[in-house]
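The stops below are given in the order in which they may be selected.

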Amino acid sequence: PYAGEMQRFMEDARIDDMLTGKASGQFGWFHKMNQFAQGFYAFGDDFWKIIGWENEKANLVKAGIPMTEAEVMAAERIRNTYPTYSMVGKSVRWLSRFPLAGTFVSFPAEIVRTSANMIKLTASDLKSDNPGLNAIGRKRVAGMAMVSAGFYALSAMTAAALGVDDDEEEALRDLAAPWQKNSTF
C-alpha cells in the first residue's frame, strides 16, 4: 500500500513528468534511481506474497484439496489477507488526497480489510467439514491469539524492565494525546 500510494503522490506532483521531460538530462540519474527503488520495494512485497501463496497452497494440498483448486484458493486467500494497494477502496484513495486526513491512510485501511478477511477465513475453515481445513482454521486462531497476546506481553515486559509502575503509566496517559488515552504503551 505504501509503494502504490507514494507512486500516486508522485503522479499528482508530476515528478515523473519533470524527470522524463525537457529537464530530464539534469535529473536522468534520479529517475533511474527512483525506478530502481520502486522496483526493489515492490520486490519485497511480491516476495512475501509468493512465499505466503506457496505455504497456503501446500497447507491446502495437505488438507486434501486438489492441486489446481488449491492454487486458486491460495491465491484468493493471499489476496484477501495480505495488504494490497489495488484493493484499497475509492473513498480511502480520495481521503488520502485530503491533507487533514494524514499521509498513508491506505495502510491502516488495508489492515482493517485484511484483519476482517482473516477472521472470515478462519471462521469458514473452522466450520468446514474437511478436517484438514478445520486444522488450518485452528492453527490460524492460535496464531492470531499469539500475536494479539504478544503485544500486551511485550508492553508488560518493557514496563517491568524499565521499572514503569501503574502510577507512571497513568501519568503518561494523562499527558498523551486524546486519541492515545486508551493505547497500549
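Select Glu56 and Arg140: both residues are buried, where buried means under 20% relative accessible area, exposed over 50% and partly exposed in between (1.4 Å probe, protein chains only). Their side chains form a salt bridge at 3.0 Å, N to O; the term denotes a side-chain nitrogen of Lys or Arg within 4 Å of a carboxyl oxygen of Asp or Glu. Because Glu56 belongs to helix 3 and Arg140 to helix 7, this pair ties together parts that are 84 residues apart in sequence. Salt bridges with shared partners join Glu56, Arg77, Asp125 and Arg140 into one network.

This is a predicted model, in which local features need pLDDT of at least 70 and side-chain atom pairs count only at pLDDT 80 or more, while totals for chains, interfaces and linings use all residues. Residues are numbered from 1 along each chain as its sequence is written, and side-chain values use heavy atoms, with hydrogens and water left out.

Arg77 lies in helix 4 and Glu56 in helix 3, so the pair ties together parts that are 21 residues apart in sequence. Arg77 and Glu56 are both buried.

Stay on helix 3 (residues 24–62) and select Glu54 and Lys57, which are three residues apart and therefore separated by about one helical turn. A salt bridge links their side chains at 3.4 Å, N to O. Glu54 is partly exposed, at a relative accessible area of 37%, whereas Lys57 is buried, at 13%. A search of the whole structure finds six salt bridges.

Now move to Thr84, in the loop between helix 4 (67–81) and helix 5 (90–96). Thr84 counts as buried because its relative accessibility is 14%. A polar atom of the Thr84 side chain lies 3.0 Å from the backbone oxygen of Tyr82.

Then select Asp165, in the loop between helix 7 (131–162) and helix 8 (166–175). Its relative accessibility is 39%, so Asp165 counts as partly exposed.

Finally, zoom out and colour by secondary structure. The chain has eight helices and zero strands; helices (H or I, at least four residues) and strands (E, at least two) are DSSP runs, numbered from the N terminus. Of the 185 residues in the chain, 24% are buried.

Definitions and conventions. Polar contact = N/O pair within 3.5 Å; in protein donor to acceptor, adjacent residues only side chain to side chain.
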